[in-house]
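Hi,

Here is the structure I promised to pass on. Could you have a look at it before reading my notes below?

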Amino acid sequence: FITRLHDQKRFNRLIVVATKKLLGELRDELPNHVKTSITHELTKDLLPQRLSDREMINKIKEDLDLVCF
């Protein structure tokens, strides 16, 4: 799915937020041309926190110390 979206030029930068296990699997499975789009990785499981989309975006920005994305 991510590869297809990348190939359709639906994004050119990717921030990956996932558990340690899933990040490892993504690193193993994603093609190199998609991996080069990854600008940030955050090892975290945000799902148990039951955040709204906006809250989740703000949490990711805070955790990565990003001004905007």
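Buried here means under 20% relative accessible area, exposed over 50% and partly exposed in between, with a 1.4 Å probe and protein chains only. This is a predicted model, where local features need pLDDT of at least 70 and side-chain atom pairs count only at pLDDT 80 or more, while totals for chains, interfaces and linings use all residues. Residues are numbered from 1 along each chain as its sequence is written, and side-chain values use heavy atoms, leaving out hydrogens and water.

Let's start with helix α4 (residues 53-64); helices (H or I, at least four residues) and strands (E, at least two) are DSSP runs, numbered from the N terminus. I60, K61 and L64 are the buried residues of α4. Seen down the axis, they fall within an arc of 100° (taken over the directions from the helix axis to the C-beta atoms), so they line one face of the helix. R54 and E62, on the other side of α4, are exposed. The cover over the buried residues includes β1 and β2, by contact, meaning heavy atoms within 4.5 Å. After α4 comes D65, with a positive phi near 55°.

Then there is S37, in the loop between α3 (32-35) and β2 (38-43). S37 is buried, at a relative accessible area of 5%. Leaving aside neighbours within four places in sequence, S37 is in contact with H6, F11, N12, R13 and L14.

On confidence, the protein chain averages a pLDDT (the predictor's confidence in each residue, from 0 to 100) of 89, and 94% of the residues score at least 70.

Best wishes
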